[in-house]
Amino acid sequence: MKRPIAIIGGSGVKSILKGNQKILGTPYGPTPSLTIGEVDSRPAVFLPRHGENHSSPPHKVNYRANIWGLKSLGVERIMATNAVGAIDQQLSPGEIVVPSDLVDMTKSRIGTFYESSPVTHIDVSQPYCPKVREVLTASTAATGRSPPREVVMACTEGPRYETPAEIRMLRTMGCGIVGMTGAPEAFLARELEMCYASISFVSNMAAGLQRTLSAREVEEKGHETSQVLNKILTGAIAKIPESRKDCPCGTALAHAQLRKEETQEIA
Ligand code: HPA
């Protein structure tokens, strides 16, 4: 049985597949209703991050239930969509970006599955799966776009947008885009040794770079870009190799946990 590829859909992105609806129970609570089906005869799952009616704001999304639920279905690869604001003024609304790194500016979210023993420190020197990124970048290029190679995403707590001063700070930190859903999702996937990469669409210029920000504008851009995003995702699903030999994600825990003797010595 082939393992399903998961799409986590964000603001404005509707399911790219038809199939059976299923809510999964997890130790962290239920998932939203997932669509389990196929894309071009490869098994696939769609998870609407904010729930079916967009009822969970970004700081209340049950990221652990979502990632755990996907893992329990045998998912090894996740492609996650996000709406983002552009901090880098080379970018403009409507553009599509495959982020290369992530700055976690969230405040209230539970960011780990490992809250007790075994103490676990996963390596996020490469926070996104290099293979899934490569496939998403190629699939984006196949639509005639040229996504920038390196873009750092900042994930803020929300649900409010940022202040202009916060955006200036994020720019000096090297961030090119800002959203509210990239973290801890990417880190939780790595903790469960799943491959994860994001595909982000620029819905607006970040605070201070346009007059005001509106949630409606972000939603509308989501609808506008959903067709091209679906095309990119469908192309990417077809191109993801069956086996995971080209990335280190599947062995993320190999050196992440302290050995028993070390734990005792430190204690
Ligand atoms: N900031 C944070 N999250 C966002 C933005 C933004 O400007 N646009 C879409 N999601």
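Biologist: What should I know about the model before we start?
Modeller: It is predicted, so local features need pLDDT of at least 70 and side-chain atom pairs count only at pLDDT 80 or more, while totals for chains, interfaces and linings use all residues. Residues are numbered from 1 along each chain as its sequence is written, and side-chain values use heavy atoms, with hydrogens and water left out.

Biologist: How many residues are in the largest nonpolar core?
Modeller: There are 63, and Ile-67, Leu-70, Ile-78, Met-79 and Leu-136 have the most contacts inside it. A nonpolar core is a set of buried Ala, Val, Leu, Ile, Met, Phe, Trp, Tyr and Cys residues joined through side-chain atoms within 4.5 Å; buried means under 20% relative accessible area, exposed over 50%, partly exposed in between (1.4 Å probe, protein chains only).

Biologist: What is Ile-78 in contact with?
Modeller: Leaving aside neighbours within four places in sequence, the contacts of Ile-78 include Ala-6, Ile-8, Val-132 and Tyr-196. Contact means heavy atoms within 4.5 Å.

Biologist: Switching topic, where is Trp-68?
Modeller: In helix H1, residues 63-72; helices (H or I, at least four residues) and strands (E, at least two) are DSSP runs, numbered from the N terminus.

Biologist: Is Trp-68 buried, exposed or partly exposed?
Modeller: Partly exposed, because its relative accessibility is 30%.

Biologist: Which residues does Trp-68 contact?
Modeller: Beyond neighbours within four places in sequence, Thr-26, Pro-27, Tyr-28, Phe-113 and Leu-192. Tyr-28 is 40 residues away in sequence and 8.2 Å away in space, C-alpha to C-alpha.

Biologist: And which residues of H2 meet H5?
Modeller: Val-135, Leu-136, Ser-139 and Thr-140 in H2; their partners in H5 include Lys-231 and Ile-232.
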